[in-house]
Amino acid sequence: MSVKRRAWFGDVYERGVVGQNRYAITFDDGPLEGATDDILDILKQYAVPATFFVIGQNAARSPKLIERMASEGHIIANHTWSHWRLSMFCPSSYWVRELRRTDEIIHSIIGKTPAMFRPPMAVRTPSNSKAMRITGHACVMWTRRAMDGVATTKERVLNRLVGGLDDGAVLLLHDGREAASRRDPRPTIEALPALLEAARDRSLKPTPLDELLDIAAYRDGAV
Ligand SMILES: [Zn+2]
């Protein structure tokens with residue numbers, strides 16, 4: 001069964017292929033020294049594969065964390081270079097630059113070019129949709145988000161996400177933060193073990209996002 005949802009200016013991937021009691025976990029806005037290390041430690045302990053939609057300039061600052069993500073079996077995806085809040089007003093040429101620059105830094109670290117993209121703040125515009133077509137990225141959203149990009153608590157993160165744990169779910173949390181944000185990543189980190197255990201209790205299998213959505217995580221060749 002296809003998981004594509006047609007929006008008026010391009011396809012969006014949200015829920016995964018259902019019927020096998022699987023879910024995927026995704027993290028946005030990283031990497032961030034300390035927080036991303038802690039999250040990678042927890043994922044390793046529970047043997048759970050995740051996808052990191054990284055901000056290019058954060059990746060450039062912390063290439064070792066990108067290396068670690070890849071070496072521990074996680075997927076690295078594109079979340080723009082600068083995560084600029086006013087980017088929704090920019091033309092497609094801006095988006096193409098943001099996407100390619102981020103692809104380039106990721107390729108320089110892991111030797112692979114991401115094929116998945118998530119626009120900042122989930123804002124899709126005709127301009128960024130056109131850029132995704134030009135650069136060859138699939139638009140990947142989620143079925144339930146933690147709302148942890150702003151101040152929150154472990155309990156709130158957990159309540160939101162456990163309520164969204166179902167077949168084909170794609171969960172969105174944050175390991176990092178955009179340049180303008182001072183958010184505290186601790187509630188996310190503290191909620192993660194209980195979230196992974198809740199999924200296990202429901203016999204939901206943590207699944208790499210490319211398998212769950214049945215699309216490619218990377219594309220061939222250089223940027
Ligand atoms: Zn973001």
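What follows is a chat about a predicted model.

Colleague: What kind of model is this, and how are residues numbered?
Modeller: It is a predicted model, where local features need pLDDT of at least 70, side-chain atom pairs count only at pLDDT 80 or more, and totals for chains, interfaces and linings use all residues. Residues are numbered from 1 along each chain as its sequence is written, and side-chain values use heavy atoms, with hydrogens and water left out.

Colleague: Start with the metal. What coordinates the zinc ion?
Modeller: Asp29 (OD), His79 (NE2) and His83 (NE2) coordinate the zinc ion, at 2.1 Å. Donors are N, O and S atoms within 2.8 Å of the metal (3.2 Å for Na, K and Ca); water is not among the atoms, so sites may look incomplete.

Colleague: What spacing do the donors follow along the chain?
Modeller: The spacing is D-x49-H-x3-H.

Colleague: Are histidine 79 and histidine 83 buried or exposed?
Modeller: Both are buried. Buried means under 20% relative accessible area, exposed over 50%, and partly exposed in between, with a 1.4 Å probe and protein chains only.

Colleague: And aspartate 29, where is that?
Modeller: Aspartate 29 is in the loop between S3 and H1. Helices (H or I, at least four residues) and strands (E, at least two) are DSSP runs, numbered from the N terminus. Aspartate 29 counts as buried because its relative accessibility is 5%. Aspartate 29 also has a positive phi of about 80 degrees, although it is not a glycine.

Colleague: Which peptide bond is cis, then?
Modeller: The bond from glycine 30 to proline 31 is cis, with omega near -5 degrees. Proline 31 is in the loop between S3 and H1.

Colleague: What about aspartate 214?
Modeller: Aspartate 214 has a positive phi of about 60 degrees and is not a glycine. It lies in the loop between helix H8 (209–213) and S12. At 62% relative accessibility, aspartate 214 counts as exposed.

Colleague: Changing topic: which residues of H3 are buried?
Modeller: In helix H3 (residues 63–71) they are Leu65, Ile66, Arg68 and Met69. They line one face of the helix, because seen down the axis of H3 they fall within an arc of 160 degrees. The arc is that of the directions from the helix axis to the C-beta atoms. On the other side of H3, Lys64 and Ser71 are exposed.

Colleague: What covers the buried residues of H3?
Modeller: The cover includes helix H1 (35–46), strand S4 (50–54), helix H2 (56–61), strand S5 (75–78) and H4. Contact means heavy atoms within 4.5 Å.

Colleague: What follows H3?
Modeller: Glycine 73 follows H3, and its phi is positive, near 90 degrees.

Colleague: Where is phenylalanine 27?
Modeller: Phenylalanine 27 is in strand S3 (residues 22–28). It is buried, with a relative accessible area of 0%. Leaving aside neighbours within four places in sequence, its contacts include Ile39, Leu43, Phe52, Phe53 and Leu192.

Colleague: Last one. Which residues of H5 are buried?
Modeller: Asn128, Ser129, Ala131, Met132 and Thr135 are buried in helix H5 (residues 126–135). They are on the same side of H5, because they cover an arc of only 160 degrees around the axis. Their cover includes helix H4 (92–110), strand S7 (116–117), strand S8 (138–140) and strand S12 (218–219).
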